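My notes follow in the order of looking.

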Amino acid sequence: MEDGFSSFWGPVTSTDRCEKNYVHSSYIAEFFNTISNIPGILFALTGLINALRQRFEKRFSVLHISNMILSIGSMLYHATLQRVQQQGDETPMVWEMLLYFYILYSPDWHYRSTMPTFLFFYGVGFAIAHALIRFEIGFKVHYIILCLLCIPRMYKYYIYTKDNYAKRLAKLYVATLFLGSICWLMDRVLCKEISHWYFNPQGHALWHVFMSFNSYFANTFLMFCRAEQRRWDPKIVHFFGVFPYVKIQKPKSQ
């Protein structure tokens with residue numbers, strides 16, 4: 001604890017990050033790591049509104065809501081630094097990747113009911129195991145494997161996409177993932193050195209911000225690809241000439 005503040009949440013029981021605890025408030029353990037999740041909530045809300053307004057498939061509404069839940073869970077975790085809240089952050093991370101896996105691979109899955117059934121029970125099983133067992137390295141390895149399983153399909157979508165604006169979204173997805181990963185590694189590996197610096201660059205908070213953009217770019221790209229599959233004549237348009245989103249034109253019969 002810093003600057004005379006006392007902890008509202010009690011002793012730290014979760015994994016602690018490089019940001020000093022309770023510097024700005026006795027109610028928020030890691031201030032910057034907490035507020036840096038706000039962009040994720042706003043981007044997810046924007047994507048959800050667009051998905052509902054244009055009547056995209058429910059899978060995308062669920063995906064945006066999942067992103068929102070993940071950001072809220074991360075806020076609670078970093079605000080409290082309690083083990084239960086850390087599980088409330090990490091479990092939605094896995095659920096979100098299972099949703100991505102379904103959206104990416106379900107169009108070519110011949111037995112439609114088997115994939116969602118398997119993924120549902122896998123997600124429930126992981127949540128129970130994660131509540132009973134404290135994962136550290138195991139969770140990170142598991143999460144990385146899920147991410148890697150999605151890459152081949154994302155690349156396939158990219159090479160078959162002809163629209164330059166959609167391809168740019170995919171490139172932004174890769175760029176933000178790369179930059180965010182550097183920030184995460186810097187915060188994780190160089191924490192002892194950073195703690196002696198006059199200014200903490202808040203690498204973990206920057207990871208949150210980059211991953212907020214990353215999720216939005218990934219979701220928008222996948223919405224475009226799915227709209228192409230459904231022949232909804234998708235286009236990437238920009239709000240105020242900057243913020244990208246998908247605009248579709250469904251046939252009158254749909």
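Which cysteines form a disulfide, and how far apart are their sulfur atoms? I found C18 and C191 paired, with their sulfur atoms 2.4 Å apart. I took a disulfide to be a pair of cysteine sulfur atoms within 2.5 Å. By this rule I count 1 disulfide.

I noted the basis of the entries. The model is predicted, so local features need pLDDT of at least 70 and side-chain atom pairs count only at pLDDT 80 or more, while totals for chains, interfaces and linings use all residues. Residues are numbered from 1 along each chain as its sequence is written, and side-chain values use heavy atoms, with hydrogens and water left out.

**The link.** I read 105° about the S-S bond, and the link of C18 and C191 is right-handed. The pair joins distant parts of the chain, 173 residues apart: C18 lies in the segment before helix 1 (31-35), and C191 lies in helix 8 (residues 191-194). Helices here are DSSP runs of H or I with at least four residues, strands are runs of E with at least two, and both are numbered from the N terminus. I then looked up accessibility, where buried means under 20% relative accessible area, exposed over 50%, and partly exposed in between (1.4 Å probe, protein chains only). C18 is buried, because its relative accessibility is 8%. C191 has 23%, so it counts as partly exposed.

**Other cysteines.** I checked C147, which is in no disulfide. C150 is buried at 5% relative accessibility, whereas C147 is partly exposed at 25%.

**Helix 7.** I went to residues 164-189, a helix of 26 residues. From first C-alpha to last, helix 7 reaches 37 Å, close to the 38 Å expected at 1.5 Å a residue; the expected span is 1.5 Å times one less than the number of residues. I listed its buried residues, among them A166, L169, Y173, C183 and D187. The buried residues of helix 7 pack against helix 6 (137-160), helix 8, helix 9 (203-229), strand 1 (235-239) and strand 2 (243-247). At the start of helix 7, I found a side-chain oxygen of D163 within 2.9 Å of the backbone nitrogen of Y165.

**Confidence.** I looked up pLDDT, the predictor's confidence in each residue from 0 to 100. The chain averages 90, and 96% of the residues score at least 70. Over residues 1-5 pLDDT stays under 50. For residues 1-5 the model has 14 contacts beyond four places in sequence, a contact being heavy atoms within 4.5 Å.

Technical notes
A polar contact is a pair of N or O atoms within 3.5 Å; within protein, one must be able to donate a hydrogen and the other to accept it, and residues adjacent in sequence count only if both atoms are side-chain atoms.
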